[in-house]
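Please find below a short note for your review. It should be read alongside the sequence and the coordinates.

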Amino acid sequence: MRYQAHGKGSHGRLYYGNRFTTLKDRKKPVGKGLLKAMCVQLGVDADRLEERMAMRYVYPVTIEADEDGRHVASAGDVPEALTEGASIAEALHAMSDALGAALAGYDLAGRALPVPGEPEPGQYLVPVPALVAAKLSLRGAMRAEGLSNVALAARMGVSEGAVRRLVDPDHASRLDGVVKALAQTGHGLIIEDYKETA
């Protein structure tokens, strides 16, 4: 998105791709009704706006021991992501992959990605694999901008097939290639480290 002031007037233009709307003061909060109307004009799904603006691919996970002594991992925000392990560490490691697979399923089905909730006492924070998170970010950015594989390929100077592999959540692409493609949409990634705690 980019903002352009309109001379000395009180309003300016907010651009998203090739669409725009007007905005009175970009430094002040916008009411829900106005925000919804602006999203319509910009071609942005208001329900996915929070996901697109600040998605953090880390989810609270609960670990419970079953009757066989296995550790079962589940995520309330992504109920389709279920897995287990012989130890808590193994279950958490497996849960990262399970979250990636489930979220890719959401996106491929055209469903909004669940926004991670706040962890409760005793829960673990589990990140989605970096490559899957980058690909989901790229797919969302392209969708928000109305950018096709062919159009992105032209921007990058690569074939459409190369872009098709970059946006395929199940393809083992290089992370730097996905980050380069994401930059072409005006988006980027923030990487942080963390310590697993319950």
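This is a predicted model: local features need pLDDT of at least 70, side-chain atom pairs count only at pLDDT 80 or more; totals for chains, interfaces and linings use all residues.

1. Helix 4 covers residues 130–145, a run of 16 residues. From its first C-alpha to its last it reaches 22 Å, close to the 22 Å expected at 1.5 Å a residue. The residue that follows helix 4 is G146, which has a positive phi, near 70 degrees.

2. How enclosed is helix 4 by the rest of the structure? Twelve of its 16 residues are buried, so the helix is largely enclosed. The buried positions include the charged residues K135 and R139, along with V132, L136, L138 and M142. Also buried in this helix are A133, A134, S137, G140, A141 and A144.

3. A network of salt bridges links D107 and R143 with R139, and R139 is one of the buried residues of helix 4.

4. The structure holds seven salt bridges. One of them joins the side chains of R70 and E84, at 3.6 Å from N to O. R70 sits in the loop between strand 4 (58–65) and strand 5 (71–74), and E84 in strand 6 (residues 82–85), so the contact ties together parts that are 14 residues apart in sequence. R70 is partly exposed, its relative accessible area being 28%; E84 is likewise partly exposed, at 38%.

5. A further salt bridge lies within a helix. The side chains of E160 and R164 meet at 2.6 Å, N to O. These residues are four apart in helix 6 (residues 160–167), so about one helical turn separates E160 from R164. An α-helix has 3.6 residues a turn, so residues three or four places apart point the same way. E160 is partly exposed, with a relative accessible area of 27%, and R164 is partly exposed at 46%.

6. Which residues form a nonpolar patch on the surface? The patch consists of L175, V179, L189 and I191, which together have about 330 Å² of accessible area. L189 lies in the segment after helix 7 (175–183). With 34% relative accessibility, L189 counts as partly exposed.

Note on methods
Residues are numbered from 1 along each chain as its sequence is written. Side-chain values use heavy atoms; hydrogens and water are left out. Patches are made of residues with over 30% relative accessible area and no salt bridge: like charges are joined within 9 Å, nonpolar side chains (Val, Leu, Ile, Met, Phe, Trp, Tyr) within 5 Å. Accessible areas come from the Shrake-Rupley method with a 1.4 Å probe; for residues, only the protein chains shown count as cover. A salt bridge is a side-chain nitrogen of Lys or Arg within 4 Å of a carboxyl oxygen of Asp or Glu. Helices (H or I, at least four residues) and strands (E, at least two) are DSSP runs, numbered from the N terminus. Buried means under 20% relative accessible area, exposed over 50%, partly exposed in between (1.4 Å probe, protein chains only). The expected span of a helix is 1.5 Å times one less than its number of residues.
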